Amino acid sequence: MTQTTINRYGAIASEIYDIDKPDFALPDTRFHLARFESFGRPILEPACGSGRTLIPFLKAGHDMAGFDPSPDMLDRCRTRCAEEGFAPELAQARYEDFGFSRTFGAVLVPVGSFTLIDDFAVAMDVLRRFHAALEPGGVLVIDLQGLGFLASNSIDRRRWTAPSGDLLTCEGTRSVTDWFRQRAESVYRYERWRDGRLIETEIDIMAQRFWGLDEFRMALEAAGFCSVSVVGNYDRSRGLRGSDRTWTFEALRA
Ligand SMILES: C[S@@+](CC[C@H](N)C(=O)[O-])C[C@H]1O[C@@H](n2cnc3c(N)ncnc32)[C@H](O)[C@@H]1O
């Protein structure tokens with residue numbers, strides 16, 4: 001298997017992403033917008049995808065930059081930004097190799113995209129790269145799906161009708177659960193059907209590494225961050241619960 005087939009977000013997957021997750025359909029965007037209200041410093045969104053987070057932040061007046069390795073996701077992001085009258089700095093890059101000529105007041109990685117780094121040592125390097133990308137006093141905010149996701153191996157089978165009338169389907173099946181490396185792989189098959197005929201198929205491997213709560217706290221500290229805090233399920237009004245599906249970590253570059 002070549003590296004390029006992993007977490008690829010190709011054309012059908014990207015089209016589905018935008019149909020399945022319109023802006024503000026998930027609770028993360030309002031939560032992060034509230035966190036960064038009146039922030040006034042530039043924000044970098046790694047793995048910005050098609051702009052589901054980046055564009056509401058631009059509309060709220062933030063100075064945003066983003067990167068993503070998927071040409072399909074990035075094209076969608078550029079087109080959507082242009083339609084809204086924005087031209088943010090967007091780069092085709094990976095967590096492992098991104099580089100900008102300026103530093104940022106914040107790095108924001110919403111909706112669990114950090115779990116797409118499926119190796120511990122690589123993830124530690126990326127946290128150090130985030131640290132270096134921040135101005136002194138800058139803040140890192142990362143949403144993570146909890147370790148419990150490693151145990152879930154139900155089949156993900158869904159379908160959508162695209163605005164063009166095409167039927168888009170996806171079927172994701174867990175193929176690897178590696179408890180030693182806290183890593184899971186699922187094989188995703190995406191299909192495009194038109195007038196009852198299958199006209200396009202994409203196979204993508206989704207590989208993720210899931211983190212323990214204290215493990216990620218310690219990882220942030222080992223990468224040089226301080227003042228680590230965690231919120232469960234985007235709800236600041238209460239403490240963490242064992243049933244929380246999402247943890248939002250916040251940490252400072254001193
Ligand atoms: C779940 S989407 C999130 C998109 C966007 N951040 C949002 O809030 O909707 C995950 C994104 O991670 C990107 N991705 C996958 N592997 C990556 C890597 N190694 N480095 C950076 N981004 C990656 C994908 O191309 C995809 O756009």
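**Entry 1: aromatic rings**

For pairing I took the rings of Phe, Tyr and Trp (its six-membered ring) with centres within 6.5 Å; planes under 30 degrees apart count as stacked, over 60 as edge-to-face and the rest as tilted. I note that this is a predicted model, in which local features need pLDDT of at least 70 and side-chain atom pairs count only at pLDDT 80 or more, while totals for chains, interfaces and linings use all residues. Residues are numbered from 1 along each chain as its sequence is written, and side-chain values use heavy atoms, with hydrogens and water left out.

Across the whole structure I recorded 21 aromatic pairs. One of them joins Phe36 and Phe39 edge-to-face, with 5.0 Å between centres and 85 degrees between the planes. I then checked their burial (buried is under 20% relative accessible area, exposed over 50%, partly exposed in between, with a 1.4 Å probe and protein chains only). Phe36 is buried at 0% relative accessible area, and Phe39 is buried at 15%. Tyr188 and Tyr190 form a stacked pair, 5.9 Å centre to centre with 20 degrees between the planes. Both of these tyrosines, Tyr188 and Tyr190, are buried.

**Entry 2: charges over rings**

I next looked for charges over rings, which requires NZ of Lys or CZ of Arg within 6 Å of the ring centre and within 35 degrees of the ring normal. The charged end of Arg35 sits over the ring of Phe36, at 4.9 Å from the ring centre.

**Entry 3: the ligand**

Which residues come nearest to the ligand? Of the 20 residues around the ligand, I list Tyr17, Glu45, Ala47, Arg52 and Asp68 as the nearest, where near means having a heavy atom within 4 Å. By class, this shell has 10 nonpolar, five polar and five charged residues. Here Ala, Val, Leu, Ile, Met, Phe, Trp, Tyr, Cys and Pro count as nonpolar, Asp, Glu, Lys and Arg as charged, and the others, Gly among them, as polar.

I then examined side-chain distances. A polar side-chain atom of Glu45 is 2.7 Å from a nitrogen atom of the ligand. An N or O atom in the side chain of Asp68 lies 2.6 Å from an oxygen atom of the ligand. For Glu96, a side-chain N or O atom is 3.3 Å from a ligand nitrogen atom. Taken alone, the ligand exposes 590 Å², and the protein buries 96% of that (Shrake-Rupley method, 1.4 Å probe; for residues, only the protein chains shown count as cover).

Strands here are DSSP runs of E with at least two residues, numbered from the N terminus. Ser227 lies in strand β10 (residues 225-232) and has a positive phi near 50 degrees, although Ser227 is not glycine. Ser227 counts as exposed because its relative accessibility is 52%.

Asn233 belongs to the loop between β10 and β11 (246-253), and its phi is likewise positive, near 50 degrees. I recorded Asn233 as partly exposed, since its relative accessible area is 33%.

Thr248 is in strand β11. Is Thr248 buried or exposed? At 5% relative accessibility, Thr248 is buried. The side chains of Thr248 and Asp143 are joined by a polar contact of 2.8 Å (a pair of N or O atoms within 3.5 Å; within protein, one must be able to donate a hydrogen and the other to accept it, and residues adjacent in sequence count only if both atoms are side-chain atoms).

Terms used: Helices (H or I, at least four residues) and strands (E, at least two) are DSSP runs, numbered from the N terminus.
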